[in-house]
Amino acid sequence: MNWLKTLQDPLLRDAMGKELVQYVVKVLRTLKSPPDWAALRKAIQARDIDMLVGELGEALQRSLLAEKYPAAKGYRVFANIEVVRRVKGFFTKKEWQFAERNEGREGNPRGLYEADGALWKSITEVDALIAEPTLEGRWRPVELEQMKTGKNDQHSTAQMQNTHALKAMEQVVGGNETVQLFERVGKNELGKNMTASFDLSKIQDVAGATRGTAGKLFTENIPFTREVLEATAHSLVKNPTLLPSPDIVPPFNEGQRRRGKVTR
(Lines give C-alpha, C1' and ligand atoms only; values in the text may rest on other atoms or scores of the structure.)
Protein backbone atom coordinates (compact mmCIF):
# COMPACT_ATOMS: atom_id res chain seq x y z
CA MET A 1 0.00 0.00 0.00
CA ASN A 2 1.58 3.30 -1.13
CA TRP A 3 0.18 5.28 1.79
CA LEU A 4 1.91 2.96 4.28
CA LYS A 5 5.25 3.48 2.50
CA THR A 6 4.67 7.21 2.69
CA LEU A 7 3.95 7.04 6.41
CA GLN A 8 7.20 5.16 6.98
CA ASP A 9 9.39 7.57 4.98
CA PRO A 10 10.57 10.43 7.27
CA LEU A 11 10.99 12.95 4.41
CA LEU A 12 7.62 12.23 2.85
CA ARG A 13 6.05 12.12 6.31
CA ASP A 14 7.32 15.62 7.10
CA ALA A 15 6.20 16.89 3.72
CA MET A 16 2.69 15.61 4.28
CA GLY A 17 2.30 17.56 7.56
CA LYS A 18 -1.36 18.13 8.30
CA GLU A 19 -2.38 15.75 5.52
CA LEU A 20 -0.83 12.88 7.51
CA VAL A 21 -2.83 13.72 10.60
CA GLN A 22 -6.02 14.19 8.59
CA TYR A 23 -5.53 10.80 6.98
CA VAL A 24 -4.78 8.96 10.22
CA VAL A 25 -7.66 10.65 12.05
CA LYS A 26 -9.92 9.66 9.16
CA VAL A 27 -8.77 6.06 9.61
CA LEU A 28 -9.39 6.26 13.35
CA ARG A 29 -12.90 7.64 12.81
CA THR A 30 -13.77 4.63 10.67
CA LEU A 31 -12.69 2.07 13.27
CA LYS A 32 -15.37 -0.16 14.74
CA SER A 33 -14.07 0.78 18.17
CA PRO A 34 -12.90 4.42 18.01
CA PRO A 35 -10.20 5.88 20.22
CA ASP A 36 -10.97 7.62 23.47
CA TRP A 37 -10.82 11.11 22.00
CA ALA A 38 -10.85 12.72 25.46
CA ALA A 39 -7.80 10.66 26.47
CA LEU A 40 -6.06 11.67 23.24
CA ARG A 41 -6.69 15.36 23.99
CA LYS A 42 -5.36 14.90 27.51
CA ALA A 43 -2.19 13.30 26.15
CA ILE A 44 -1.82 16.09 23.58
CA GLN A 45 -2.11 18.75 26.29
CA ALA A 46 0.54 16.93 28.33
CA ARG A 47 2.64 16.38 25.18
CA ASP A 48 2.78 12.72 26.25
CA ILE A 49 3.88 10.88 23.11
CA ASP A 50 3.94 7.43 24.72
CA MET A 51 0.38 7.85 25.99
CA LEU A 52 -0.76 8.96 22.53
CA VAL A 53 0.96 6.01 20.86
CA GLY A 54 -0.65 3.65 23.40
CA GLU A 55 -4.13 5.05 22.82
CA LEU A 56 -3.75 4.75 19.05
CA GLY A 57 -2.49 1.19 19.37
CA GLU A 58 -5.31 0.14 21.71
CA ALA A 59 -7.93 1.59 19.36
CA LEU A 60 -6.49 -0.41 16.47
CA GLN A 61 -6.35 -3.54 18.65
CA ARG A 62 -9.98 -3.24 19.71
CA SER A 63 -11.14 -2.82 16.14
CA LEU A 64 -9.12 -5.77 14.87
CA LEU A 65 -10.51 -7.92 17.67
CA ALA A 66 -14.03 -6.74 16.89
CA GLU A 67 -13.56 -8.10 13.38
CA LYS A 68 -12.19 -11.41 14.61
CA TYR A 69 -14.80 -11.75 17.36
CA PRO A 70 -17.92 -9.96 16.06
CA ALA A 71 -20.52 -8.76 18.52
CA ALA A 72 -23.14 -10.14 16.12
CA LYS A 73 -22.00 -13.61 17.15
CA GLY A 74 -22.28 -12.76 20.82
CA TYR A 75 -18.65 -12.01 21.62
CA ARG A 76 -17.58 -9.16 23.87
CA VAL A 77 -14.15 -7.61 24.25
CA PHE A 78 -13.39 -6.45 27.79
CA ALA A 79 -10.48 -4.01 27.89
CA ASN A 80 -8.13 -3.20 30.74
CA ILE A 81 -8.96 -5.97 33.22
CA GLU A 82 -6.72 -5.72 36.27
CA VAL A 83 -5.98 -9.02 38.04
CA VAL A 84 -5.23 -8.30 41.70
CA ARG A 85 -4.53 -9.98 45.03
CA ARG A 86 -5.82 -8.59 48.34
CA VAL A 87 -3.15 -7.22 50.65
CA LYS A 88 -3.86 -8.87 53.99
CA GLY A 89 -4.21 -6.58 57.01
CA PHE A 90 -4.45 -3.28 55.13
CA PHE A 91 -7.28 -1.18 53.74
CA THR A 92 -5.52 1.93 52.41
CA LYS A 93 -2.23 2.79 50.72
CA LYS A 94 -1.35 5.17 53.55
CA GLU A 95 -1.68 2.39 56.14
CA TRP A 96 0.53 0.13 54.06
CA GLN A 97 3.13 2.85 53.43
CA PHE A 98 3.28 3.72 57.14
CA ALA A 99 3.91 0.07 58.05
CA GLU A 100 6.53 -0.37 55.33
CA ARG A 101 8.46 2.74 56.32
CA ASN A 102 8.36 1.71 59.95
CA GLU A 103 10.22 -1.42 58.83
CA GLY A 104 12.82 0.69 57.02
CA ARG A 105 11.51 -0.03 53.52
CA GLU A 106 10.71 2.53 50.82
CA GLY A 107 6.98 1.94 50.82
CA ASN A 108 6.48 2.57 47.09
CA PRO A 109 2.71 2.19 46.45
CA ARG A 110 3.14 1.36 42.77
CA GLY A 111 0.70 -1.35 41.73
CA LEU A 112 -1.53 -0.85 44.77
CA TYR A 113 -5.23 -0.05 44.48
CA GLU A 114 -7.98 0.78 46.96
CA ALA A 115 -11.34 -0.73 46.03
CA ASP A 116 -14.32 -2.45 47.67
CA GLY A 117 -13.08 -1.46 51.11
CA ALA A 118 -9.78 -3.32 50.71
CA LEU A 119 -6.23 -2.84 49.46
CA TRP A 120 -5.16 -4.76 46.37
CA LYS A 121 -1.82 -5.49 44.71
CA SER A 122 -1.67 -5.89 40.94
CA ILE A 123 -0.72 -9.32 39.63
CA THR A 124 -0.99 -8.18 36.02
CA GLU A 125 -3.29 -6.42 33.59
CA VAL A 126 -5.10 -7.99 30.63
CA ASP A 127 -5.32 -5.47 27.80
CA ALA A 128 -8.14 -7.38 26.11
CA LEU A 129 -10.20 -10.30 27.41
CA ILE A 130 -12.49 -11.77 24.75
CA ALA A 131 -15.48 -13.68 26.07
CA GLU A 132 -18.64 -15.42 24.91
CA PRO A 133 -21.95 -15.45 26.78
CA THR A 134 -23.07 -18.46 28.80
CA LEU A 135 -26.63 -19.67 29.32
CA GLU A 136 -26.33 -18.51 32.94
CA GLY A 137 -25.78 -14.91 31.88
CA ARG A 138 -22.05 -14.77 32.58
CA TRP A 139 -19.06 -14.37 30.26
CA ARG A 140 -16.70 -17.23 29.46
CA PRO A 141 -13.20 -16.11 28.35
CA VAL A 142 -12.00 -17.53 25.03
CA GLU A 143 -8.79 -15.53 24.59
CA LEU A 144 -6.54 -13.06 26.39
CA GLU A 145 -4.50 -10.59 24.39
CA GLN A 146 -1.79 -8.13 25.41
CA MET A 147 -1.22 -5.02 23.27
CA LYS A 148 2.29 -3.53 23.22
CA THR A 149 3.47 -0.33 21.53
CA GLY A 150 6.58 0.49 23.60
CA LYS A 151 9.99 0.77 21.97
CA ASN A 152 11.40 -2.13 23.97
CA ASP A 153 8.27 -4.26 24.34
CA GLN A 154 8.73 -7.91 23.43
CA HIS A 155 6.48 -10.90 22.78
CA SER A 156 8.06 -12.86 25.63
CA THR A 157 7.25 -10.30 28.34
CA ALA A 158 3.73 -9.80 26.99
CA GLN A 159 3.15 -13.56 26.96
CA MET A 160 4.40 -13.76 30.54
CA GLN A 161 1.60 -11.37 31.49
CA ASN A 162 -0.89 -13.79 29.97
CA THR A 163 0.68 -16.65 31.93
CA HIS A 164 0.38 -14.74 35.21
CA ALA A 165 -3.24 -13.80 34.44
CA LEU A 166 -4.25 -17.36 33.55
CA LYS A 167 -2.60 -18.83 36.65
CA ALA A 168 -4.35 -16.25 38.84
CA MET A 169 -7.71 -17.07 37.24
CA GLU A 170 -7.10 -20.75 37.96
CA GLN A 171 -6.71 -19.75 41.61
CA VAL A 172 -10.12 -18.06 41.47
CA VAL A 173 -11.60 -21.31 40.15
CA GLY A 174 -9.92 -23.11 43.04
CA GLY A 175 -11.75 -20.92 45.52
CA ASN A 176 -9.06 -18.36 46.32
CA GLU A 177 -11.15 -15.28 47.15
CA THR A 178 -8.09 -13.08 47.65
CA VAL A 179 -7.64 -12.98 43.86
CA GLN A 180 -10.14 -10.81 41.96
CA LEU A 181 -10.67 -9.26 38.54
CA PHE A 182 -11.52 -5.55 38.26
CA GLU A 183 -12.06 -3.03 35.53
CA ARG A 184 -9.20 -0.55 35.52
CA VAL A 185 -10.69 2.87 34.81
CA GLY A 186 -7.63 5.01 35.42
CA LYS A 187 -3.88 4.80 35.89
CA ASN A 188 -4.28 4.27 39.63
CA GLU A 189 -7.99 3.50 39.86
CA LEU A 190 -10.07 0.34 39.80
CA GLY A 191 -13.72 0.32 38.78
CA LYS A 192 -16.23 -2.48 39.01
CA ASN A 193 -15.29 -5.87 40.44
CA MET A 194 -15.87 -8.17 37.46
CA THR A 195 -14.96 -11.51 39.05
CA ALA A 196 -18.53 -12.76 39.39
CA SER A 197 -19.28 -11.71 35.80
CA PHE A 198 -16.91 -14.32 34.39
CA ASP A 199 -17.27 -18.08 34.13
CA LEU A 200 -13.68 -19.23 34.57
CA SER A 201 -14.46 -22.95 34.73
CA LYS A 202 -12.66 -23.60 31.41
CA ILE A 203 -9.83 -21.13 31.87
CA GLN A 204 -7.29 -23.91 31.30
CA ASP A 205 -8.44 -24.01 27.66
CA VAL A 206 -8.02 -20.28 27.05
CA ALA A 207 -5.28 -19.13 24.70
CA GLY A 208 -3.01 -16.18 25.35
CA ALA A 209 -2.00 -13.95 22.44
CA THR A 210 0.18 -10.88 22.03
CA ARG A 211 -0.21 -7.99 19.60
CA GLY A 212 2.26 -5.23 18.80
CA THR A 213 3.50 -2.81 16.22
CA ALA A 214 4.47 -4.09 12.79
CA GLY A 215 7.94 -5.54 12.41
CA LYS A 216 8.12 -7.21 15.82
CA LEU A 217 7.63 -10.91 16.58
CA PHE A 218 4.26 -10.72 18.34
CA THR A 219 1.50 -13.28 17.78
CA GLU A 220 -0.47 -10.59 15.92
CA ASN A 221 0.40 -7.11 14.66
CA ILE A 222 -1.33 -3.83 14.07
CA PRO A 223 -0.72 -2.45 10.54
CA PHE A 224 1.65 0.34 11.68
CA THR A 225 5.20 0.47 12.97
CA ARG A 226 6.10 2.22 16.22
CA GLU A 227 7.75 4.93 14.10
CA VAL A 228 4.53 5.63 12.21
CA LEU A 229 2.51 5.87 15.43
CA GLU A 230 5.14 8.17 16.95
CA ALA A 231 5.11 10.41 13.88
CA THR A 232 1.33 10.59 14.07
CA ALA A 233 1.51 11.42 17.78
CA HIS A 234 4.02 14.22 17.20
CA SER A 235 1.85 15.59 14.39
CA LEU A 236 -1.21 15.54 16.64
CA VAL A 237 0.69 17.50 19.29
CA LYS A 238 1.60 20.09 16.64
CA ASN A 239 -1.88 20.09 15.05
CA PRO A 240 -4.44 19.25 17.80
CA THR A 241 -7.25 21.10 16.01
CA LEU A 242 -7.38 18.28 13.47
CA LEU A 243 -8.99 16.00 16.06
CA PRO A 244 -12.81 15.85 15.99
CA SER A 245 -14.32 18.90 17.68
CA PRO A 246 -15.45 18.37 21.31
CA ASP A 247 -18.84 19.61 20.13
CA ILE A 248 -18.99 16.67 17.74
CA VAL A 249 -17.37 14.10 20.03
CA PRO A 250 -18.20 15.06 23.64
CA PRO A 251 -15.63 14.27 26.34
CA PHE A 252 -16.01 10.90 28.04
CA ASN A 253 -17.39 10.90 31.55
CA GLU A 254 -16.19 7.96 33.66
CA GLY A 255 -19.14 5.75 32.74
CA GLN A 256 -18.78 6.54 29.05
CA ARG A 257 -15.05 5.95 29.31
CA ARG A 258 -15.63 2.45 30.61
CA ARG A 259 -18.10 1.70 27.84
CA GLY A 260 -15.76 3.23 25.30
CA LYS A 261 -13.06 0.75 26.35
CA VAL A 262 -15.38 -2.16 25.62
CA THR A 263 -16.48 -3.40 22.24
CA ARG A 264 -20.02 -4.62 22.65
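Predicted model: local features only at pLDDT ≥ 70, side-chain atom pairs only at ≥ 80, totals over all residues.
**Exercise 1: the cavity**

Find how many cavities of 30 Å³ or more the whole structure holds, then work out which helices supply the lining of the largest cavity and how that lining divides by class.

*Solution.* 

Step 1. Start with the search. Rolling a probe the size of a water molecule over the atoms shows where empty space is left. Over the whole structure, one cavity passes the 30 Å³ cut-off. The volume of the largest cavity is about 70 Å³.

Step 2. List the lining: Val24, Val27, Leu28, Leu56, Leu60, Phe224, Val228, Leu229 and Thr232.

Step 3. At least two lining residues come from each of helix H3 (18-29), helix H5 (49-68) and helix H8 (226-238).

Step 4. Sort by class. Eight lining residues are nonpolar and one is polar, while none is charged.

**Exercise 2: helix H7**

Take helix H7 (residues 155-173) and find what its span is, where its buried residues lie around the axis, and which strands they pack against.

*Solution.* 

Step 1. Check the length. The 19 residues of H7 reach 27 Å from first C-alpha to last, close to the 27 Å expected at 1.5 Å a residue.

Step 2. Pick out the residues under 20% relative accessible area. In H7 the buried ones are Ala158, Gln161, Asn162, Ala165, Leu166, Ala168, Met169 and Val172.

Step 3. Look down the axis. These residues cover an arc of only 165°, so they sit on the same side of H7.

Step 4. Find the partners. The buried residues of H7 pack against strands S1 (76-86), S3 (118-133), S4 (139-148), S5 (179-186) and S7 (207-212).

Step 5. Glycine 175 follows H7 and has a positive phi, near 95°.

Conventions: Residues numbered from 1 in each chain as written. Heavy atoms only, no water. 1 Å grid on protein atoms, 1.4 Å probe; cavity = no way out; pocket = protein on both sides within 12 Å on 5 of 7 lines; lining within 4 Å. Points joined across faces, edges and corners; volume = space filled by probe spheres on them. Helix = DSSP H or I, 4+ residues; strand = E, 2+ residues; numbered from the N terminus. Nonpolar A, V, L, I, M, F, W, Y, C, P; charged D, E, K, R; others polar. Expected span 1.5 Å × (residues − 1). Buried < 20%, exposed > 50% of the residue type's maximum accessible area, 1.4 Å probe, protein only. Arc of directions from axis to C-beta. Contact = heavy atoms within 4.5 Å.
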